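Colleague: I have just opened this one and could use a guide. Would you show me how to read a few of its features?

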Amino acid sequence: MIVIDAFSWIFSNSGAFFNAFNRHLLMCVLSLGIAFVIAVPLGFAVARAPRAAFAVVNIAGALRSIPSLAILSAAMPFLGIGLLPSVVALIVLAVPPLLLSTIIGIREIDASVIDAADGMGMSAGQMLWEIELPLAVPSILSGVRTSAIQVIGGAALASFIGGGGLGDFINAGIAIMNMPRLLVGAVPIALLAIFAELAFGALERVFTQRR
């Protein structure tokens, strides 16, 4: 069977498989982490400014409409090939969902809560850390979940610009019409995406209940 042949290849070439797996994880973690650092503070900064939020939301929406492969291909002429252009392209892919979810999370906070905090004499910093951020966490985690799934899938295409990762096995399988080799890359990517969906979904539910 094809699946058994795929697992047999993994056991026979465990070094190559885990090198690619670790590379895939590295790209995903780096890009998602940097995107988080960019998008969440920016979302908090513009959420209460209607014009700025309108502009940012529209730009983010435009970026979300660009296919993953197009973003990766656009990075190559400027940054060459390898890990750097792959991570930069994946950051572009990950920022919009995080940014939009942060803005939504802030805007969903009841204005009366903010007014009450202001009436109690809380500073802007105190309101941010003690009220806005805790209440916005479920929405932010929803964006993290969406971005993580997109990045895990998009990282498979990084193989086209020399990024490596599990996408190398998919490309090799297609090139030589070897379906077990294709599954060596495709199945772990699918499992990673499912894990991200379940893990971040569980965190989102926990923080929603606490909220």
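**Reading the features together**

Modeller: Let's begin with contacts. Setting aside neighbours within four places in sequence, isoleucine 2 is in contact with Met179, Pro180 and Leu183. Keep in mind that this is a predicted model.

Colleague: Where is isoleucine 2 found?

Modeller: Isoleucine 2 is found in helix α1, which covers residues 2–12. Sequence and space can tell separate stories here: isoleucine 2 and arginine 181 are 179 residues apart in sequence, while their C-alpha atoms are 9.1 Å apart.

Colleague: Now the aromatic rings. How many aromatic pairs does a search of the whole structure find?

Modeller: The search finds four. One of them joins phenylalanine 17 and phenylalanine 18, with ring centres 5.1 Å apart and 80 degrees between the planes. Planes over 60 degrees apart count as edge-to-face, and this pair is edge-to-face. Another joins phenylalanine 17 and phenylalanine 21, at 6.1 Å centre to centre. Their planes are 25 degrees apart, and the pair is stacked.

Colleague: How are phenylalanine 17 and phenylalanine 21 placed in helix α2?

Modeller: They are four residues apart in helix α2 (residues 14–46), so about one helical turn separates them. Phenylalanine 17 and phenylalanine 21 are both buried. Phenylalanine 17 has 7% relative accessibility, whereas phenylalanine 18, at 45%, counts as partly exposed.

Colleague: Which residues form one aromatic cluster?

Modeller: Trp9, Phe17, Phe18, Phe21 and Phe169 form it.

Colleague: What about nonpolar side chains on the surface?

Modeller: For those, look for a patch. Here Leu26, Leu30, Ile34 and Ile38 form a nonpolar patch on the surface, and together they have about 300 Å² of accessible area. Take leucine 26 as an example: its place is in helix α2, and at 38% relative accessible area leucine 26 is partly exposed.

Definitions and conventions: Residues numbered from 1 in each chain as written. Predicted model: local features only at pLDDT ≥ 70, side-chain atom pairs only at ≥ 80, totals over all residues. Heavy atoms only, no water. Phe/Tyr/Trp six-rings, centres within 6.5 Å; stacked < 30°, edge-to-face > 60°. Buried < 20%, exposed > 50% of the residue type's maximum accessible area, 1.4 Å probe, protein only. Helix = DSSP H or I, 4+ residues; strand = E, 2+ residues; numbered from the N terminus. Patch = residues over 30% accessible without salt bridge, like charges linked within 9 Å, V, L, I, M, F, W, Y side chains within 5 Å. Areas by Shrake-Rupley, 256 points an atom, 1.4 Å probe, with all protein chains shown as cover. Salt bridge = Lys/Arg side-chain N within 4 Å of Asp/Glu carboxyl O. Contact = heavy atoms within 4.5 Å.
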